[in-house]
Amino acid sequence: MQNLCPCGSGLTYANCCEPIISGKKESLTAQELMRSRYTAFTQANVDYLMRSHSAKTRPIKERKSIEKWARSVNWMGLTIIQTQAGGANDEIGYVEFKALYLENGKPQQIHEKSLFQRENGIWVYVSGVHF
Ligand SMILES: [Zn+2]
């Protein structure tokens, strides 16, 4: 059996987030980008996290601390709660999700509604509101 994608899509990594993270293909939807960013967090792939972040809000200065934090926790899974717009013909989209992880052995979660937008035609993460 091949490796399942960390984003929980049920697809193999090679058929899900890998081509997006490696730059072989662009995300078609905001949700695909969201999933690829979760997977990149599980890999502490801060290069991709920066690349998939809007140039306007990209947290360059926090790059090192994001990488360190992403490496320090155990990622447990992603649940997409709902999406609004963010489709192939949209310019913006919202994805509400929960990401579960263990930090110092304690279960934690990020419950966020993220805003995604196309920049030069490509989906990027802009910002998020936490619940
Ligand atoms: Zn995936």
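**Hairpins, sheet and core of a predicted model**

Strands S3 and S4 form a hairpin in which 2 residues lie between them, and Asn120 in this turn has a positive phi of about 50 degrees. Strands here are DSSP runs of E of at least two residues, and helices are DSSP runs of H or I of at least four residues, both numbered from the N terminus. The structure is a predicted model, in which local features need pLDDT of at least 70 and side-chain atom pairs count only at pLDDT 80 or more, whereas totals for chains, interfaces and linings use all residues. Residue numbers start from 1 along each chain as its sequence is written.

S3 pairs with S4 (residues 122–130) in the antiparallel sense over 8 bridges; two strands are taken to pair if DSSP finds at least two bridges between them. Within this pairing, Lys113 stands opposite Val129 of S4, and the bridge partner of Leu115 in S4 is Ser127. A hairpin is also formed by S2 and S3, again with 2 residues between the strands. In its turn, Asn104 has a positive phi of about 50 degrees. S2 (residues 92–103) and S3 (residues 106–119) pair over 12 bridges in the antiparallel sense, and Leu102 is placed opposite Pro107 in S3.

H2 is mostly covered, with 13 of its 13 residues buried. A residue is classed as buried if 20 or more other C-beta atoms lie within 10 Å of its own, as exposed if 12 or fewer do, and as partly exposed in between, with C-beta atoms placed from the backbone. The 13 residues of H2 should span 18 Å at 1.5 Å a residue, and the end C-alpha atoms are 19 Å apart, which agrees; the expected span is 1.5 Å times one less than the number of residues.

The largest nonpolar core has 22 residues, a nonpolar core being a set of buried Ala, Val, Leu, Ile, Met, Phe, Trp, Tyr and Cys residues joined through C-beta atoms within 7 Å. The residues with the most contacts inside this core are Cys7, Cys17, Ala30, Leu33, Met34, Tyr38 and Phe116. Helix H1 (18–21), H2, S2, S3 and S4 each supply at least two residues of the core, and the largest share, 6 residues, comes from H2. In soluble globular proteins, nonpolar side chains tend to be buried together. Leaving out residues up to four places away in sequence, Phe116 touches Ala30, Leu33, Gly86, Ile92, Gly93, Val95, Trp123, Val124, Tyr125 and Val126; contact requires that the C-beta atoms of two residues, placed from the backbone, lie within 7 Å.

Trp75 lies in S1 (residues 74–85) and is partly exposed, with 18 other C-beta atoms within 10 Å. Beyond its neighbours within four places in sequence, Trp75 is in contact with Pro6, Phe41, Thr42 and Tyr101. The C-alpha atoms of Trp75 and Thr42 are separated by 5.8 Å, although these residues are 33 residues apart along the chain.

Positive phi values also occur at alanine residues. Ala44, which is not a glycine, has a positive phi of about 50 degrees and is found in the loop between H2 and helix H3 (46–51). Ala44 is partly exposed, with 16 other C-beta atoms within 10 Å. Ala85, found in S1, has a positive phi near 50 degrees and is partly exposed, with 14 other C-beta atoms within 10 Å.

Overall, the protein chain contains 4 helices and 4 strands, which run α-α-α-α-β-β-β-β from the N terminus on. For 131 residues, a compact globule would have a radius of gyration near 14 Å, and the protein chain has 14 Å, which agrees; the radius is taken over C-alpha atoms, and the globule rule is 2.2 Å times the number of residues to the power 0.38. The C-alpha trace spans about 40 × 40 × 25 Å along its principal axes. Buried residues make up 27% of the 131 residues.
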